[in-house]
Amino acid sequence: MSDVCQSCGMIMEVNNYGKNEDGSENKDYCRYCFPNGSFGKNETMEEMIESCIPFRINDTDCPDEEVARRKMMDYFPNLKRWRKIT
Ligand SMILES: [Zn+2]
């Protein structure tokens, strides 16, 4: 099973894990979201979704912005970074 970034939903390969402050790998987040012991950008889930849209559009199941946005709106609240602790 592949690891998925718990912030942006990207599938992570060995060389794009995030980094903890001590230089070790952070396997919850990718290096774009978590480059150096903290989140690179402090943003809301909605802002993250908007910036991910161009990367999600593809020929198979995500033909346009609307579909991409809707899929992420369903999916992102399950990711660790955005999950509401109740
Ligand atoms: Zn990420």
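Predicted model: local features only at pLDDT ≥ 70, side-chain atom pairs only at ≥ 80, totals over all residues.
Hi everyone, thanks for coming. Let's start with the helices. H1 covers residues 45-56 and H2 covers residues 65-75, and the two pack with their axes 9 Å apart, at an angle of about 125°. That angle makes H1 oblique to H2. As for handedness, H1 and H2 cross in a right-handed way.

Which residues make the contact? From H1 we have Ile49, Cys52, Ile53 and Arg56, and from H2 we have Glu65, Ala68, Arg69, Met72 and Met73.

Now to the core. The largest nonpolar core is made of twelve residues, including Met48, Ile49, Ala68 and Met72. Cys5, Cys8, Cys30 and Cys33 are in there too, for those of you who like cysteines. Three elements each give this core two or more residues: H1, H2 and strand E4, which is residues 25-30.

Let me stay with Cys30 for a moment. Setting aside residues up to four places away in sequence, Cys30 touches Cys5, Cys8, Met10, Met12, Asn16, Tyr17 and Gly18.

My last stop is Glu65, which sits in helix H2. Beyond its neighbours within four places in sequence, Glu65 contacts Ile53 and Ile57. Its C-alpha atom is 14 Å from that of Met48, 17 residues away along the chain.

Definitions and conventions: Residues numbered from 1 in each chain as written. Axes fitted to C-alpha atoms, helices over the stretch in contact; angles between N-to-C directions. Helix = DSSP H or I, 4+ residues; strand = E, 2+ residues; numbered from the N terminus. Parallel < 35°, antiparallel > 145°, perpendicular 65-115°, else oblique. Left-handed = near helix turned anticlockwise from the far one by under 90°. Contact = placed C-beta atoms within 7 Å. Core = buried A, V, L, I, M, F, W, Y, C linked by C-beta atoms within 7 Å. Buried ≥ 20, exposed ≤ 12 C-beta atoms within 10 Å, placed from the backbone.
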